[in-house]
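This briefing goes through a protein model chain by chain and then turns to the contact between the chains. Please look at the sequence and structure before reading on.

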Amino acid sequence: MSDEEVIARIKKGDERALDYLYKKNYKMMINMIIKNNGTEDEAKDIYQESLIVLWQKVISDDFVLSSKLSTYLYSICQNLWRKELDRKSKHTGEDEINKSEINDLDKTERINIINKCINELGETCKAILTYYYFDNLSMSDIAEKMGFANSDTAKTKKYKCKQELDKKIRTLYKASDFLD
Amino acid sequence: MEMEHNYELIDQYLSGNMSVSEAREFEWQISQDPLLKNEVDFQRDIINSIREYRKAQLKSRLNNIKVGNGYLSGTASKIAASIVAGTVITASIWYIVNINNTTSKEQESQIIKTEQIQAEQQKNTTTQTLSSEIVDTETNHTQVANSQNKKVKNKQPILDENASKENATAINTPEGIHSNSEDRELQLGDSQLPQSSIGNESINKLHIDEVKIDASNKKDFSYKYSDNKLYLYGDFESKTYSIVEYVPANKVKQFYLNFEGKYYELKPNQYKPVKLRAITDSSTIAALQALEKK
């Protein structure tokens with residue numbers, strides 16, 4: 001698969017392009033991290049994160065590939081690993097983490113509620129909402145992927161799914177006194 | 001109506017579907033309207049969570065993809081046999097798994113150099129108890145390997161060259177590697193082997209993925225390494241041979257070739273063909289023979 005083909009597929013939300021990239025560059029990326037003091041598990045984790053970052057970059061509207069895709073991926077991977085090493089060297093004391101956690105307790109609970117509600121959605125709704133909000137797919141792309149008649153159907157479904165999700169979340173928020 | 005209008009705007013704003021000027025205008029509105037701000041914050045949390053959900057989904061998808069660890073990723077699995085640390089194997093096809101076989105070539109050559117020095121120092125050490133084990137991932141392939149063994153076993157080993165009496169001590173019949181006569185190449189298994197079968201391999205970076213035979217010149221009795229492949233030059237097609245992995249007490253791995261009753265050291269860092277020289281160190285020979293008897 002050429003870089004152009006991979007990019008075109010990612011833009012259409014085709015996860016197989018991601019699988020392909022993952023396998024193709026696995027050795028190089030994992031080696032890079034292990035050589036730079038990472039464990040195999042850390043290497044895998046960072047590499048997977050890097051691919052997702054790449055995926056997000058590719059689907060953003062202003063994406064222009066100025067090098068080989070593997071070179072690009074390599075630089076993402078390097079950056080993420082550098083950040084991780086940085087984080088590891090800074091976060092030796094636990095106090096700091098706890099402080100920020102306490103301040104964000106409300107927020108954490110709210111996010112938990114949202115996640116719970118997302119998980120309770122039907123598979124179709126989950127797919128539509130993730131394709132729309134994460135993969136940046138157009139309504140006609142979503143219609144094609146989901147087998148809907150046209151982009152209008154996709155748009156209506158997306159609206160309904162989002163309403164359902166919002167409603168669920170509001171109900172649970174109310175029960176937890178998050179809404180005034 | 002107002003609410004619905006807002007919903008559309010918020011959605012466009014948060015999913016990045018607004019022009020820069022539209023977004024700026026909308027942000028001004030947000031700053032003027034606390035209710036609108038609340039709603040935007042609420043929606044932002046939801047949309048971010050949807051994105052996180054998708055990320056987790058993609059990540060778990062990737063996590064389920066099996067990629068061979070290291071050098072052989074992508075190689076079609078033909079026959080897989082592994083050698084456990086501190087193990088010798090004389091079956092026809094073999095492969096050494098290595099948790100840390102992810103170093104680069106440059107790194108590896110450095111490691112190999114130090115291993116060699118260590119190996120020199122360790123020549124006189126006694127061998128640890130070793131056992132051999134073949135881990136096969138595909139039963140059919142093992143059967144292929146077995147049948148190849150039989151084929152080779154039936155061939156009469158011919159003694160040649162100036163075998164010293166000391167070295168010519170009878171050893172158990174070596175099960176040789178017999179290469180495919182058409183392409184003279186052995187396809188070895190990939191590295192998808194259970195890690196539980198791998199011992200404390202961390203020092204043993206050295207491994208051989210494949211053995212290639214060049215029998216075009218039968219007098220050319222030499223070897224070299226390239227790309228984790230071992231190349232043997234000489235009459236290795238009609239006669240049996242085996243490769244012994246010897247791990248002395250300090251666990252620095254070393255390879256030896258058993259050919260016609262003699263052992264030849266396969267020094268790791270030989271990238272140009274070198275003559276195979278029989279080893280004379282009696283304790284090493286004894287250790288290797290003991291290994292092969294197992």
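What is the accessible surface of chain A, and what share of that surface belongs to carbon and sulfur atoms? The accessible surface of chain A comes to about 10200 Å², and carbon and sulfur atoms hold 49% of the surface in chain B and 47% in chain A; accessible areas come from the Shrake-Rupley method with a 1.4 Å probe, and for residues only the protein chains shown count as cover.

This is a predicted model, in which local features need pLDDT of at least 70 and side-chain atom pairs count only at pLDDT 80 or more, while totals for chains, interfaces and linings use all residues. Residues are numbered from 1 along each chain as its sequence is written, chains are lettered from A and ligands numbered from 1 in the order in which they are written, and side-chain values use heavy atoms, with hydrogens and water left out.

**Chain A overall**

- Chain A has nine helices and zero strands, where helices (H or I, at least four residues) and strands (E, at least two) are DSSP runs numbered from the N terminus.
- Of the 180 residues in chain A, 39% are buried; buried means under 20% relative accessible area, exposed over 50%, and partly exposed in between (1.4 Å probe, protein chains only).
- Among the contacts in chain A with a separation of 6 or more, 65% are between residues 24 or more positions apart, contact meaning heavy atoms within 4.5 Å.

**Chain B overall**

- Chain B has six helices and seven strands, in the order α-α-α-α-α-β-β-β-β-β-β-β-α along the sequence.
- The buried share of the 294 residues in chain B is 51%.
- In chain B, residues 24 or more positions apart account for 70% of the contacts with a separation of 6 or more.
- The accessible surface of chain B comes to about 14300 Å².

**Met29(A)**

- Met29(A) lies in helix H2 of chain A and is buried, with a relative accessible area of 0%.
- Beyond its neighbours within four places in sequence, Met29(A) is in contact with Tyr47(A), Ser70(A), Leu73(A), Tyr74(A) and Cys77(A).
- Met29(A) and Leu73(A) are 44 residues apart along the chain, and their C-alpha atoms are separated by 8.6 Å.

**Salt bridges within chain A**

- Over all chains, the structure holds 23 salt bridges, each being a side-chain nitrogen of Lys or Arg within 4 Å of a carboxyl oxygen of Asp or Glu.
- Asp141(A) and Lys12(A) form a salt bridge whose closest N and O atoms are 3.1 Å apart.
- That pair links distant parts of the chain, 129 residues apart, with Asp141(A) in helix H8 (residues 139-146) and Lys12(A) in the loop between helix H1 (3-11) and H2.
- Asp141(A) is buried at 16% relative accessible area, whereas Lys12(A) is partly exposed at 44%.
- Lys145(A) and Glu15(A) also meet in a salt bridge (3.8 Å, N to O).
- This pair joins helix H8 to helix H2 of chain A, across 130 residues.
- Lys145(A) is partly exposed at 33% relative accessible area, and Glu15(A) is buried at 14%.
- Glu5(A), Arg9(A), Asp14(A) and Arg16(A) are linked in a network of salt bridges.

**The interface of chain A and chain B**

- The contact takes 46 residues from chain A and 34 residues from chain B.
- The area buried between the two chains is about 3800 Å², of which carbon and sulfur atoms give 58%; buried area is the accessible area (1.4 Å probe) that two parts lose on being put together, summed over both.
- The interface has nine salt bridges.
- One salt bridge is between Lys59(B) and Glu49(A), with the closest N and O atoms 3.0 Å apart.
- In chain A, helices H2 (15-35), H3 (40-59), H6 (105-120), H7 (123-133) and H9 (151-175) each supply at least two residues of the side that touches chain B.
- H2(A) gives the largest share of that side, 11 residues.
- Arg110(A) forms a salt bridge with Asp45(B), the closest N and O atoms being 3.9 Å apart.
- Arg110(A) lies in helix H6 of chain A and Asp45(B) in helix H3 (residues 34-63) of chain B, so the pair joins two chains.
- Arg110(A) is partly exposed at 22% relative accessibility, while Asp45(B) is buried at 9%.
- Asp19(A), in helix H2 of chain A, counts as buried at 14% relative accessibility.
- Leaving out residues up to four places away in sequence, Asp19(A) touches Arg61(B), Leu62(B) and Ile65(B).
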